[in-house]
Amino acid sequence: MRVWADDARRAGRRIGFVPTMGFLHEGHLTLVREARSRCDACVVSIFVNPLQFGPGEDLDRYPRDEQGDKAKLEAEGVEVLYSPTGDSMYGAGFQTAVSVTEVTKGLCGAGRPGHFDGVTTVVAKLFNAVRPDEAVFGEKDYQQLATIRRLVVDLDLGIAIVGVPIVREADGLAMSSRNAYLSEDEREAALALSRSLSEARRALRSGERETAVLIDRVRAVLATEPLLQVEYTEIVDADSIQPVDRIDKSARLALAVHVGNTRLIDNTLLAAA
Ligand code: AMP
């Protein structure tokens with residue numbers, strides 16, 4: 001990977017990079033198109049990173065489709081698919097972690113201890129292998145995007161981080177590799193996530209700025225689906241990911257919900273008028 005990237009850079013080509021865990025869908029491919037439109041060469045990585053899964057999470061059953069992914073990336077004109085093995089990433093004696101401390105405390109960080117250290121450590125390693133000029137991430141994982149932005153600034157990595165809006169199914173469900181776990185009933189119930197976000201945007205448009213009230217509205221929509229178990233619903237500052245009491249400047253409403261054994265996340269911008 002390093003040799004190819006050095007050659008490409010020497011040839012004056014700017015490298016765009018899209019890190020993924022595979023089982024690619026239209027959300028991932030939108031990131032790829034963004035990277036291709038901004039840079040001369042596009043590298044996509046597929047690595048299901050054991051470091052970012054906690055005990056009892058879905059590492060062992062995480063969906064995979066190597067051949068399908070390869071075909072999709074070829075059809076998009078991606079030059080390099082980088083899929084390192086677990087052993088090559090974390091050899092014997094591996095013991096180093098990269099940690100972003102504050103942005104990772106709330107939301108998913110609270111319910112998944114160690115998750116973001118796993119993310120930032122693997123992303124630092126992938127960045128070192130690819131040394132991209134730009135890297136593209138989805139707003140679907142909003143706290144992850146904020147964390148990577150912080151990482152790149154704090155460690156002077158000199159990589160432009162590009163965020164891409166959430167890509168949704170026609171009925172509003174945010175695309176996710178984990179949607180493959182959902183039964184028909186669970187998928188139907190999961191539509192309440194995007195509905196609840198729309199409800200909050202509607203309440204904000206009609207003048208409601210108190211986050212406690214907006215969150216009540218969100219929870220009321222989620223409560224209409226007995227199959228859903230809410231992990232968190234929070235409204236946070238878009239950069240620091242700290243909770244806010246009022247929508248005075250643009251904020252992010254984020255939620256995590258369990259549907260059966262599947263954990264889903266979604267979020268939306270709450271733009272101050
Ligand atoms: P994953 O394979 O789930 O680790 O995701 C790889 C990248 O794709 C991350 O930057 C995600 O935020 C992004 N991504 C996943 N789903 C979506 C989506 N529905 N819309 C936009 N980006 C997404």
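Mentor: Two strands count as paired if DSSP finds at least two bridges between them, strands being DSSP runs of E with at least two residues and helices runs of H or I with at least four, both numbered from the N terminus. The model is predicted, so local features need pLDDT of at least 70 and side-chain atom pairs pLDDT 80 or more, while totals for chains, interfaces and linings use all residues. Residues are numbered from 1 along each chain as its sequence is written, and side-chain values use heavy atoms, without hydrogens or water.

Strands S7 (residues 251-259) and S8 run antiparallel and are joined by nine bridges, one of which pairs Val259 with Thr262 in S8. Two residues separate the strands of this hairpin, and Gly260 in the turn has a positive phi of about 60 degrees. In S8 (residues 262-270), eight of the nine residues are buried, that is, under 20% relative accessible area with a 1.4 Å probe, counting protein chains only.

A side-chain N or O atom of Asp141 lies 2.6 Å from a ligand oxygen atom, whereas a backbone N or O atom of Met175 lies 2.9 Å from a ligand nitrogen atom. Taken alone the ligand exposes 480 Å², of which the protein buries 92%, areas coming from the Shrake-Rupley method with a 1.4 Å probe.

Conventions: Buried means under 20% relative accessible area, exposed over 50%, partly exposed in between (1.4 Å probe, protein chains only). A polar contact is a pair of N or O atoms within 3.5 Å; within protein, one must be able to donate a hydrogen and the other to accept it, and residues adjacent in sequence count only if both atoms are side-chain atoms.
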